[in-house]
Amino acid sequence: MTEPKTIRERYNDTQSRIIGYLKAGGTKGNRFFKAKYIAKDLGISSKEVGTNLAILSETCEELDIQRCSYSNTTT
């Protein structure tokens, strides 16, 4: 039986940083995040955040990531 992989082993560096950011900001329950603010805080583009959030919404078991806006941005 194999040991469970850590977040760093399952996701690329950007995805790991986003997960860490979301976990740190969501310690008090449900939270909503705008991709442009995550991008600003992590020093990456909002497009890169949005792309990785879309991937994480499908693959990340640690968090429930949902798109919840009607515009082209990811929250």
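Analyst: T14 is in contact (heavy atoms within 4.5 Å) with I44, E48 and N52, leaving aside its neighbours within four places in sequence. This is a predicted model, where local features need pLDDT of at least 70, side-chain atom pairs count only at pLDDT 80 or more, and totals for chains, interfaces and linings use all residues. Residues are numbered from 1 along each chain as its sequence is written, and side-chain values use heavy atoms, with hydrogens and water left out.

T14 sits in helix α2 (helices are DSSP runs of H or I, at least four residues; strands are E runs of at least two; both are numbered from the N terminus). T14 counts as buried because its relative accessibility is 13% (buried is under 20% relative accessible area, exposed over 50%, partly exposed in between, with a 1.4 Å probe and protein chains only).

One of the partners of T14 is N52. N52 is itself among the buried residues of α4, along with V49, G50, L53 and L56. These buried residues pack against α2 (13-25) and α3 (35-42).

Now the length of α4. It covers residues 46-59, and at 1.5 Å a residue its 14 residues should span 20 Å (the expected span is 1.5 Å times one less than the number of residues). The end C-alpha atoms are 20 Å apart, so the two values agree.

Next, α3 against α4. Their axes come within 8 Å and cross at roughly 115° (axes are lines fitted to C-alpha atoms, for helices over the stretch in contact; angles run from 0 to 180 degrees between N-to-C directions). The two helices are therefore roughly perpendicular (65 to 115 degrees). A35, K36, I38 and A39 of α3 make the contact with S46, V49 and L53 of α4.

From α2, R17, I18, Y21 and L22 meet Y37, I38, D41 and L42 of α3.

Finally, the whole chain. It has four helices and zero strands. Buried residues make up 29% of its 75 residues. Among contacts between residues at least 6 apart in sequence, 53% join residues at least 24 apart. The accessible surface comes to about 5600 Å², of which 50% belongs to carbon and sulfur atoms (Shrake-Rupley method, 1.4 Å probe; for residues, only the protein chains shown count as cover).

Conventions: Parallel < 35°, antiparallel > 145°, perpendicular 65-115°, else oblique.
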